[in-house]
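Subject: Structure handover

Hello,

Here is the structure I said I would pass on.

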Amino acid sequence: MQRTTLGQLVEHYGWDLVPAFASGVTITSLANDVESVTPGALVIFGDDIDADKLHRARARGAYAALVPPSARENLLTEADLPVLYANPTPQQLGLLTSRMAGNPSSMLAVFAVCGSTARQNAAVVTQLTRFLHMLGNPVGMLSVAGSYSLERDLNLNYPLNMLDVQRSLAVCSEDGVAAVAVSLDDLTVAAHGMQAVNVDVLGSMQPVPPNADQAFIERLQDEYGFKTENPIKVTVRTLESDALARQAAGTLDQEDEQRLSLAIAMVLAAGVHRTNIRSALRMAKELH
């Protein structure tokens, strides 16, 4: 986690700090409930905040709290730690969370799979991570069916909020992961859970109507909050990816072959050369 001062938050976001002389207090992490507070944390509360929660957060080592202005009158005399009063937008919280985590998605290739059931998305993500690994990439995965970074299992509670996602991506980055595949569905990721996460390739098992890519992507961005540094399209299976997937047909059933086809299409969209893909598929078939 990166460090920042309360004064920097006031200056950047315009939030109200009480007491004002606490501007030099440095926070080292974020938490969204008392139980997840670690020493040095800024704990983010909602409308259900009360003095008891503030006291317990302080006892667990919180350095400050972010609470709605509506709670100001009740907490002003009760708070025993610095309080930021604000109604932050999801975008503001996402940027703060990403910044505190070291902006991990900027150091990873992030592949997101959407457009189907959570079970189907998870199956595609699993196939995608296997294929990325075959191509020599250290990989991580975020899915309600299981999440990991390299060989490390990530013990997560689903759906993942933005703090969970950024922390998990930070772990992947620290572990040396090159690519992370995310199952983008409501069981895996909560609303706004991908806020400030840069997605490089977005894939879907379901075809998108012609010329509807941007509307589909914008709807997902409104729901989950991810961003794209470069213009992207929704990647779907193609005749070429189907043909390449058939090279492994001797070891896969039809559903797995279709999932592999989408994985191949997404890897192609990421710029991996066809020769490398053919070599990896040939090697996998020989090993079987």
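The notes below go from the overall layout to the cores and then to some backbone details.

Please keep in mind that this is a predicted model.

Overall layout

The protein has 288 residues, and 49% of them count as buried. Its secondary structure consists of ten helices and 14 strands. The C-alpha trace spans about 70 × 40 × 30 Å along its principal axes. If we take the contacts between residues at least 6 apart in sequence, 62% join residues at least 24 apart. The accessible surface is about 13,700 Å², and carbon and sulfur atoms account for 50% of that.

Cores

The largest nonpolar core is made of 28 residues. Leu-142, Val-180, Leu-184, Met-194, Leu-202 and Phe-226 have the most contacts inside it. Two or more residues each come from strand S8 (109–114), helix H6 (162–175), strand S12 (179–183) and helix H7 (213–224). H7 is the biggest contributor, giving four residues.

What does Val-180 touch, leaving aside residues up to four places away in sequence? Its partners are Leu-108, Ala-109, Val-110, Phe-111, Gly-140, Met-141, Leu-142, Leu-169 and Cys-172. There is also a second, separate core, with 27 residues, including Val-125, Tyr-148, Leu-262 and Leu-268.

Backbone details

Two cis peptide bonds are worth a look. One runs from Val-18 to Pro-19, with omega near -5°; Pro-19 sits in the loop between strand S2 (16–18) and strand S3 (26–27). Another runs from Tyr-158 to Pro-159, also with omega near -5°. Pro-159 belongs to the loop that links strand S11 (152–153) and H6.

Positive phi values turn up at two non-glycine residues discussed here. Leu-150 has a phi of about 55° and lies in the loop between strand S10 (148–149) and S11. Ala-196 has a phi of about 70° and is in the loop between S12 and strand S13 (201–204).

Are these residues buried or exposed, or in between? Ala-196 has a relative accessible area of 9%, so it counts as buried, the limit being under 20%.

Regards

How values were computed:
Residues are numbered from 1 along each chain as its sequence is written. This is a predicted model: local features need pLDDT of at least 70, side-chain atom pairs count only at pLDDT 80 or more; totals for chains, interfaces and linings use all residues. Side-chain values use heavy atoms; hydrogens and water are left out. Buried means under 20% relative accessible area, exposed over 50%, partly exposed in between (1.4 Å probe, protein chains only). Contact means heavy atoms within 4.5 Å. Accessible areas come from the Shrake-Rupley method with a 1.4 Å probe; for residues, only the protein chains shown count as cover. A nonpolar core is a set of buried Ala, Val, Leu, Ile, Met, Phe, Trp, Tyr and Cys residues joined through side-chain atoms within 4.5 Å.
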